[in-house]
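Biologist: I have a model open and would like to walk through it. Can we take it step by step?

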Amino acid sequence: MEKTPPTLPRKSATFDDYTLSEIRRAASTGIYDIRGGGAKRKLPHFDDLLFLGASISRYPLEGYREKCGTNVVLGTRFAKKPIELKIPITIAGMSFGSLSAQAKEALGRGATIAGTSTTTGDGGMTVEERGHSEILVYQYLPSRYGMNPDDLRRADAIEIVIGQGAKPGGGGMLLGQKISDRVAAMRCLPKGIDQRSACRHPDWTGPDDLEIKINELREITNWEKPIYIKIGGARPYYDVALAVKAGADVVVLDGMQGGTAATQEVFIEHVGQPTLACIRPAVRALQELGMHRKVQLIVSGGIRNGADVAKALALGVDAVSIGTAALVALGDNDPHWESEYNALGTTAGAYDDWHEGKDPAGITTQNPDLAKRLDPVLAGKRLSNYLKVMTLETQTIARANGKSHVHNLEPEDLCALTVEAAAMAQVPLAGTSWIPGKGGY
Amino acid sequence: MNELDVKTVGVRGINLHLNGLPKNTNEKHWVIKNPMGQHSIAVGLSAPLQVDINGHVGFYCGGMNAHAELTIHGHAGVGTAENMMSGVVWVKGNSSESAGATGNGGLLVIDGDASSRCGISMKGIDIVVGGNVGHMSAFMGQRGNLVICGDAGDALGDSIYEAHLYVKGKVASLGADCIEKEMRSEHISELERLLKAAKRREKPAEFRRYGSARKLYNFSVDHADAY
């Protein structure tokens with residue numbers, strides 16, 4: 001009798017290999033998984049949009065001869081000294097503590113060469129960072145670690161951090177293994193203990209209080225500095241409206257692909273909205289208040305190349321911010337360190353245990369032997385190269401759509417490849433004039 | 001003595017003037033008239049001035065103060081002397097919530113009561129409260145001293161790090177990882193110094209000391225129930 005052919009072993013789509021490994025890890029340790037970075041799941045993103053380009057109905061600009069501006073001015077609403085960037089790409093806030101001093105210096109160097117700003121993080125301003133950053137944005141966080149009025153006045157702009165995309169509604173965490181003597185001293189904490197950052201500011205609650213807080217910061221800095229408000233991608237329409245009401249010069253909106261130094265995996269993957277879904281509600285809030293382009297909007301979370309920049313700008317954003325991509329440009333997750341990543345149980349491109357301080361690339365660490373692997377001058381140059389490429393790519397797309405400035409890109413230059421992206425970006429599905437939610441169905 | 005009137009020059013005028021004075025100015029004593037509960041009066045001062053504010057103030061009076069000595073002859077709103085670096089801020093009346101929040105140094109004296117979150121995330125400031133404090137005071141207190149001559153509300157010292165808490169009256173409840181601790185001689189000396197600086201008549205022996213059990217300093221799942 002003929003043997004019954006066996007079916008192939010079949011793994012569950014619901015209980016996939018990663019899920020099974022996480023259940024085993026949780027059962028073994030009793031602790032939730034903590035990691036760095038942003039959401040890793042597949043999300044609707046800028047890849048789901050395309051530019052239409054120009055032909056007869058739109059007139060293109062000559063690629064190498066006709067000028068296409070890239071500058072952006074931030075803080076024009078109230079600040080006496082708005083800042084002007086040469087490119088619409090800024091470096092996001094990342095702390096000394098989560099990053100090495102060399103990495104912070106490299107970010108400052110790269111940003112300065114490219115003509116843009118970099119941003120401090122939870123833990124205060126380092127000498128290296130201020131010294132090598134021509135334009136430095138100083139984050140004002142719930143923890144107020146390292147906060148002092150001298151650094152506030154030394155900054156070029158102030159960013160009040162209310163949330164971030166990786167964990168809207170969550171505070172920060174820097175585990176004890178990264179609390180070196182210097183980090184501990186800057187944060188007024190004992191060495192080696194887990195440092196928790198509160199999720200709410202200690203001395204204000206709600207938008208009315210925030211308005212008073214902004215006023216205080218303006219008084220202390222003589223109304224010179226642009227005040228940014230950074231929010232995670234939670235409820236962008238209402239949050240942006242309230243930030244404007246509270247008196248922000250600039251709103252920084254961070255989608256769920258935006259990275260963090262360390263947070264629970266469950267938080268990163270399950271709280272917040274994708275960057276693409278956040279932009280149009282935010283822009284709509286600004287437009288309805290008559291504040292679009294008056295209060296500038298910076299968006300971050302998953303920006304990787306000039307196409308992403310151009311698409312964000314076309315949807316109404318004034319500038320973008322990069323964090324993860326900037327670290328990769330410095331050397332993070334580089335295959336050069338593959339054997340060392342393997343020794344840590346991971347592989348180049350997947351390393352995200354930034355909180356453990358064992359980064360082979362010397363970026364997310366306070367271990368002096370690892371940190372000195374990163375040459376701040378060379379790494380800074382790599383970052384500036386990357387920023388230049390992104391800018392050139394953005395200009396290429398803008399010219400192809402007939403724009404003499406990247407800010408002239410508009411939603412009408414875009415179409416969407418998926419119904420989801422069309423709905424989120426409020427641009428037509430490719431090959432149709434259909435925008436979900438508009439036109440009756 | 002020099003006078004500035006909020007009614008005439010506004011809060012902007014007050015701060016512009018006081019922050020515009022050179023560090024070595026001879027015009028050290030200033031009186032602020034008609035504060036009218038306005039916010040952000042005398043914030044960010046960095047010179048060794050003596051400033052008397054004759055009336056009630058709103059939010060953040062004396063915020064980020066360095067070197068100056070401010071006396072508020074009235075009640076104060078939220079965040080009095082928030083993030084103070086050095087100097088003295090003295091409230092003759094009561095103070096609202098988050099007094100001395102995140103303060104790095106200096107002395108904050110509140111003759112009356114303070115509301116909730118007094119000394120939240122304090123980083124080295126000394127705070128002496130003549131009356132009671134509200135709930136969650138010294139939450140995540142990192143460094144410095146909070147002296148409470150009256151009672152403390154719920155969850156005193158929740159998630160506290162290394163701040164020292166001294167309470168004369170009753171404590172409604174202690175927060176996560178906050179415990180009563182032995183009052184040793186160095187604490188009695190410390191408390192004596194603080195009471196004297198705040199011109200209080202209480203005796204150190206009347207107080208009990210509270211601080212961190214240090215069980216939450218490094219995460220352990222066995223302590224997860226504490227939250």
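Modeller: Start with a term. A residue is buried if 20 or more other C-beta atoms lie within 10 Å of its own. Keep in mind that this is a predicted model.

Biologist: Is helix H10 of chain A mostly covered or mostly open?

Modeller: H10(A) has nine residues. Eight of them are buried. A:Asp308 and A:Lys311 are among the buried ones, along with A:Val309 and A:Leu313. H10(A) is mostly covered.

Biologist: At what angle do the axes of H10(A) and H14(A) cross?

Modeller: Two packed helices are described by the angle between their axes and the distance between the axes. H10 spans residues 306-314 of chain A, and H14 spans residues 376-400. Their axes come within 7 Å. The crossing angle is roughly 55°.

Biologist: What do we call that arrangement, and which hand does the crossing have?

Modeller: H10(A) passes H14(A) in a crossing that is right-handed.

Biologist: Which residues of H10(A) make the contact with H14(A)?

Modeller: On the H14(A) side, the contact includes A:Met390, A:Leu392 and A:Ile397. By class, the contact has seven nonpolar, four polar and one charged residues. From H10(A) come A:Gly306, A:Ala307, A:Val309 and A:Ala310.

Biologist: Now the whole chain. How does the radius of gyration of chain A compare with the globule rule?

Modeller: Chain A has 15 helices and 16 strands. For 441 residues the rule gives 22 Å, so chain A is as compact as a globular protein of that length. The radius of gyration of chain A is close to the rule, at 22 Å.

Biologist: What share of the residues in chain A is buried?

Modeller: Consider contacts in chain A with a separation of 6 or more. Residues 24 or more positions apart account for 67% of them. As for burial, the share of the 441 residues is 56%.

Biologist: Which helix gives the largest share of the side of chain A that touches chain B?

Modeller: The contact takes 21 residues from chain A and 35 residues from chain B. The chain A side divides into eleven nonpolar, five polar and five charged residues. Five residues of that side come from one helix, residues 206-220. That helix is H6 of chain A.

Methods: Residues are numbered from 1 along each chain as its sequence is written. Chains are lettered from A and ligands numbered from 1 in the order in which they are written. This is a predicted model: local features need pLDDT of at least 70, side-chain atom pairs count only at pLDDT 80 or more; totals for chains, interfaces and linings use all residues. Axes are lines fitted to C-alpha atoms, for helices over the stretch in contact, and angles run from 0 to 180 degrees between N-to-C directions. Helices (H or I, at least four residues) and strands (E, at least two) are DSSP runs, numbered from the N terminus. A crossing is left-handed if the near helix is turned anticlockwise from the far one by less than a right angle, and right-handed if clockwise. Two residues are in contact if their C-beta atoms, placed from the backbone, lie within 7 Å. Ala, Val, Leu, Ile, Met, Phe, Trp, Tyr, Cys and Pro count as nonpolar, Asp, Glu, Lys and Arg as charged, and the others, Gly among them, as polar. The radius of gyration is taken over C-alpha atoms; the globule rule is 2.2 Å times the number of residues to the power 0.38. A residue is buried if 20 or more other C-beta atoms lie within 10 Å of its own, exposed if 12 or fewer, and partly exposed in between; C-beta atoms are placed from the backbone.
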